[in-house]
Amino acid sequence: MSHPYPPDHRQPVLGASSLPPLTEDTHWYRRAVFYEVMVQSFKDSNGDGIGDFPGLMSTLDYLSWLGVDCLWVPPFYPSPGKDDGYDVADYMSVNPAYGTLEDFTRFVREAHVRGIRVLVDMVLNHTSDQHPWFQSSREDPAGPFGDFYVWRDTPTGYPDVRVIFTDTEESNWAWDPVRRQFYWHRFFSHQPDLNYENPAVRRAVIDVVRFWCSTGVDGFRLDAIPYLFEEEGTNGESLPATHHFIATLREVIDTEFPGTVMLAEANQPPRDVVAYFGSDDQPECHMCFHFPVMPRIFQALREESSQGLRTILAETPPLPQGGQWAMFLRNHDELTLEMVSDEERDNMYRWYAPDPQMRANVGIGRRLAPLLHGSQREVEIAHALLLSLPGSPFLYYGDEIGMGDDYTLPDRYGVRTPMQWDAGPGGGFSDADPADFVLPMVSSPGWDHRAINVSQSRQREHSLLNWLRKMLAVRREHPAFGIGSMSLLSTDDDAVLAFLRRDESETILCVTNLSSSSRAVRIQLPGMGGWGLKDLATGHSFPTVNEHEYVDITLPRHSFYWLSVSMPKEQA
Ligand code: NOJ
Ligand code: CA
């Protein structure tokens, strides 16, 4: 099959074998700290106001200083940019505004030198309507790409499928005046869905994945993965054929590029998400985002109750061997409220998005620090949960310094503004005239780059940034946070969440006061009478668990402890 884009764009530049070795641990992703970075908004190297790969490369020492193990880079492929790159026009090259394929592979190599891995976004459900496959499909229905998309004479198929982008779309069908038929799209109407019933489509996207593997990347975030196949009479999500295709992709990766990690973006309830890990016999993804736990962290802080978190954690099924949750507080999208009840959604809007401009689709278009009213303590508590709940934490660029947002920008762009590096005129992001920046910098008083930036945060001993760096270092010393089991503990105060993280070598008690007042709490530790407690961050001893197998601890408002729990003979 011939591809209608220039072949010189598709030459692999570097083989993975030319890269220096990283750790041999094949389960590295279970212990890693991830960081989502939008290349266009992070660091501009050539003064055009658009972040790029050479710019991102120059920040690797900062990311390594912070304690990041792996970057997730959202789509950086050529694109008309109507969905910030999630509308891909060429799967096998780099958006020229962000650099060249060689810049990309150099960036990957330099990241690896620092022990940092790289996941790239794979948008396999749909393309841009500008992609040559779609252009060919609409112009030449009988040609090799005629059946690459889902075409119908009437816009009536799959009526049970929901609309995701409720702010802009009314239907999942759109009329194409060229082919004079309707095509299927799960997201924007300029993002036609690929037709996975067509084996040529399946082969073509697997080739795309192979291509990026050959550049040395360590894995993929699989965008919108539940929606690959459609079937009449269903809601079109998580269909058996979709799972089958993911398992096939995993097989190809395991055979040809072993060790490459697949991460599912499946915004589904835990019992459905867990299917994206597959089984021991037929593995699918190594990691899945845990969508439902995220809004419950925000809910817990306002309700001053651990109930919602306890319920969702109890409903989260065990994972097959080698599986790992990807935990997050925020990302480049809206804070999605698809996984909560109508009543919970109303509450979330009331607490966190009182101004309708703050809402986006079924969610909230704000960053972490402004959501939490700039309260460093609340931001710390949210991170303490992110770092200690079972799974690998995903940080979102800028959240480590408590960056603000601009919810007056359209769509979800308000949370994608340029990184604030220093107090200089372009915030250290770019030397261009700020009017030419890819997106305006945050300008609201108290949130702009003069007030909040990396440089000042590094200098201030008690800044959020220095606190987070320290906690990441503490977490790194204790693999149980990544690979250990989790068991919820009973307390006599609903505002305090307590659980154990445990692996072969250690047991950690995580206690979090979600409320805005001090709490004295009694925590049950069955079978641990006489065991000693020690603060992981400071090494200070806490009261020993008494013979009735409980311990009383007092926690100031919005505070937490991570305490090692050890048998008397293990204590120093
Ligand atoms: C999920 C991505 O995170 C989002 O930004 C994008 O708009 C949709 N998928 C469509 O690709
Ligand atoms: Ca640039």
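This tour has two stops, both at ligands, in what is a predicted model.

Start by selecting ligand 1 and looking at where it is: ligand 1 sits in the largest cavity. Now bring up the shell of residues around ligand 1, which consists of D83, Y86, H126, F165, F187, R221, D223, E265, H332, D333, R412 and R416. Colour that shell by class and you'll get seven charged, three nonpolar and two polar residues.

Next, show side chains and pick out three of those neighbours. H126 puts a polar side-chain atom 2.8 Å from an oxygen atom of ligand 1. For H332, look for an N or O atom of the side chain 2.9 Å from a ligand 1 oxygen. Then click on R221, where a polar side-chain atom is 3.0 Å from an oxygen atom of ligand 1. How much of ligand 1 does the protein bury? Taken alone, ligand 1 exposes 300 Å², and 98% of that is buried by the protein.

Now hop over to ligand 2, the calcium ion. Select its protein donors: D44 (OD), N46 (OD1), D48 (OD) and D52 (OD), plus I50, which gives its O atom. These donors lie 2.2 to 2.3 Å from the ion.

Are they buried or exposed? N46 counts as exposed because its relative accessible area is 53%, over the 50% cut-off. D52 has a relative accessible area of 2%, under 20%, so it counts as buried.

Conventions: Residues numbered from 1 in each chain as written. Chains lettered and ligands numbered in written order. Predicted model: local features only at pLDDT ≥ 70, side-chain atom pairs only at ≥ 80, totals over all residues. Heavy atoms only, no water. Near = heavy atom within 4 Å. Polar contact = N/O pair within 3.5 Å; in protein donor to acceptor, adjacent residues only side chain to side chain. Areas by Shrake-Rupley, 256 points an atom, 1.4 Å probe, with all protein chains shown as cover. 1 Å grid on protein atoms, 1.4 Å probe; cavity = no way out; pocket = protein on both sides within 12 Å on 5 of 7 lines; lining within 4 Å. Sits in = over half its atoms within 2 Å of the grid points. Nonpolar A, V, L, I, M, F, W, Y, C, P; charged D, E, K, R; others polar. Donors = N, O, S within 2.8 Å, 3.2 Å for Na, K, Ca; no water. Buried < 20%, exposed > 50% of the residue type's maximum accessible area, 1.4 Å probe, protein only.
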